[in-house]
Amino acid sequence: MRGVKANSGNGHGAPSLAERKIWMPRLTEASSRAMAAVFRSFGLDAVVTPPSDERTRELGARHTCGDECYPTKVTLGDFLKVLQAPGADPSKIAFFMAGGQGPCRFGQYVPYMRSVLASLGYPDVPVLGPTFEGGYADFGLSGSGFVRSAWRAVVTSDILMKLLLKTRPYEAVAGSGDGAHEASIVDLCRVLEVAYRDPRAQLAALNRCMLRARTRFREVPVRDEARPLIGIVGEIFCRLNNFSNDHLVRRLEAAGAAVWMNDVSEWIWYTNDESMRLLDLGGKRYSPQALGARIRAHYQKKDEDALLDPLREDFRGYEEPEMREVLENAEPYLPASGTSGEMVVNVGKAVYFARKGLDGVIDISPFTCMNGIICEAIYPRVSLDYAGIPIRNFYFDGTQSDLERDVGIFLEMARNYCRRKPWKWVQGALWHNGGGARRAG
Ligand code: SF4
């Protein structure tokens with residue numbers, strides 16, 4: 001065990017966190033399980049909530065009034081399922097919920113969930129969220145060790161997601177891509193839950209783990225076929241939580257597409273950039289906070305490069321842009337200096353995808369989320385500026401009617417665009433004896 005101090009979690013004399021299991025919401029399959037493994041490496045008993053289902057929606061809907069966004073419903077429903085499971089002991093349960101200080105409802109999740117749990121008779125069940133001021137102090141975790149391990153978990157789980165999305169559409173044996181992904185997540189969690197004293201030793205172990213993952217994916221037999229490549233942007237939870245978006249990525253793959261998904265680390269880079277911008281605006285460019293933020297970003301970049309470098313060949317053609325480039329892309333439509341939130345990143349990344357030569361862009365958004373609504377107003381201009389690339393919002397609130405039909409129509413537009421677009425996407429990585437995936441066009 002390292003770094004954990006006794007912590008009551010709620011300040012009311014309830015059992016300390018050491019006696020509770022911490023349940024975490026699902027984002028991507030890999031990222032949530034990897035983050036739970038990092039918590040375990042610091043002596044906390046952390047797991048991911050069971051897969052969402054109809055009961056999730058039912059409980060979430062029963063205890064929300066309709067003003068909340070869809071991710072609140074899903075995460076709250078999953079938490080209540082844990083509390084109401086047969087034999088559940090509330091004194092042994094705590095929940096983790098990320099939070100934010102941005103302009104949207106995300107910052108209200110933690111206080112809202114606390115109030116719902118209190119009203120349902122669980123006032124002592126902690127809902128823990130990292131805070132702007134205190135970081136992970138609520139968890140008894142202090143120092144940079146946890147933050148660095150958590151960042152490495154984000155980068156490595158993003159790598160696994162990319163390997164999956166690059167392989168699964170072309171797999172010759174159904175389920176083999178998912179099998180390689182699952183085995184790689186288990187492997188990654190085994191590495192992350194070890195309490196390394198030396199960060200360099202952890203990095204070396206993670207590098208070996210990523211190379212093992214690459215081998216697993218390279219061993220997946222693939223078909224050589226042409227598919228339109230669709231970039232996916234949108235609200236982070238709805239985009240990455242398969243249940244919330246009604247498994248849109250699988251539906252696109254089943255309908256003949258391949259997908260390039262905006263990853264989790266992109267959001268961290270955006271929040272880094274945004275906090276530096278706000279420090280600048282507040283005249284704190286040379287403050288201790290700004291120095292701390294620069295040092296943190298320096299080590300994040302260093303770790304990201306170290307983890308990605310051995311796989312550069314595999315991701316040739318799929319290079320992620322620096323956040324500066326994303327924000328510059330957004331500038332003509334939604335300047336980052338005057339707007340805050342995911343919408344800037346989504347617009348900037350949609351432009352990047354268009355320039356990169358992809359065949360279409362989908363924005364996944366919860367129904368009523370302002371990010372999606374604002375982006376939807378801007379995308380026609382982006383499309384006009386980029387040869388008519390199809391860009392479409394898909395909204396989700398758990399009541400979709402004919403998603404397959406909508407996916408089919410969108411892919412038809414993407415195929416048409418693919419035939420006439422002025423940009424060509426360069427497929428770089430060679431898979432399976434020099435063959436492998438290639439795109440339509
Ligand atoms: S981005 Fe939209 S859906 Fe997500 S928390 Fe904010 S308001 Fe809710």
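Student: Which residues surround the ligand in this predicted model?

Tutor: The ligand is surrounded by Cys-69, Pro-71, Cys-104, Arg-105, Phe-106, Glu-235, Glu-342, Pro-366, Cys-369 and Asn-371. Each counts as near because its C-beta atom lies within 6 Å of the molecule.

Student: How do the residues of this shell divide into nonpolar, polar and charged?

Tutor: Six are nonpolar, one is polar and three are charged. Cys, Pro and Phe count as nonpolar, and Arg and Glu as charged.

Student: From which domains does the shell around the ligand draw at least three residues?

Tutor: Domain 1 (17-135) and domain 2 (224-263 + 320-441) each supply at least three residues of the shell.

Student: Why are the buried residues of helix H2 said to line one face of the helix?

Tutor: In H2 (residues 54-62), the buried residues are Thr-56, Leu-59 and Gly-60. Viewed down the axis of H2, they fall within an arc of 100 degrees, so they line one face. The general principle is that an α-helix has 3.6 residues a turn, so residues three or four places apart point the same way. On the other side of H2, Glu-54 and Arg-62 are exposed.

Student: Against what do the buried residues of H2 pack?

Tutor: They pack against helix H3 (70-83).

Student: What makes strand E6 mostly covered?

Tutor: Six of the six residues of E6 (residues 229-234) are buried, where buried requires 20 or more other C-beta atoms within 10 Å. Both faces are covered: Leu-229, Gly-231 and Val-233 lie on one side, with Ile-230, Ile-232 and Gly-234 on the other.

Student: How many bridges pair E6 with strand E7, and how many with strand E8?

Tutor: E6 pairs with E7 (residues 258-261) over four bridges, in the parallel sense, and Leu-229 stands opposite Ala-258 in E7. With E8 (residues 360-366), E6 has five bridges, also in the parallel sense, and Gly-231 stands opposite Val-361.

Student: Why do strands E2 and E4 stand at the edges of their sheet?

Tutor: The open sheet has four strands in the order E2-E1-E3-E4, with parallel pairing. E2 (45-48) and E4 (127-128) each have a single partner strand, so one side of each is left without a neighbour in the sheet.

Student: What joins strand E3 to E4?

Tutor: Two bridges join E3 (residues 93-96) to E4, and the strands run parallel. Within this pair, Phe-96 stands opposite Leu-128 in E4.

Student: Why is Asp-246 called partly exposed?

Tutor: Asp-246 has 17 C-beta neighbours inside 10 Å. Buried requires 20 or more and exposed 12 or fewer, so a value in between is partly exposed. Asp-246 is placed in the loop between helix H8 (236-240) and helix H9 (248-254). Its phi is positive, about 55 degrees, although it is not a glycine.

Student: How do you know that Ala-387 is exposed?

Tutor: Ala-387 has 12 other C-beta atoms within 10 Å, and the limit for exposed is 12 or fewer, so the residue qualifies. Ala-387 lies in the loop between helix H14 (370-385) and strand E9 (391-396).

Student: What is the phi of Ala-387?

Tutor: Ala-387 has a positive phi of about 60 degrees although it is not a glycine. As a general rule, most residues other than glycine have a negative phi.

Technical notes
Residues numbered from 1 in each chain as written. Predicted model: local features only at pLDDT ≥ 70, side-chain atom pairs only at ≥ 80, totals over all residues. Arc of directions from axis to C-beta. Contact = placed C-beta atoms within 7 Å. Domains from an automatic or database assignment. Pairing = 2+ DSSP bridges.
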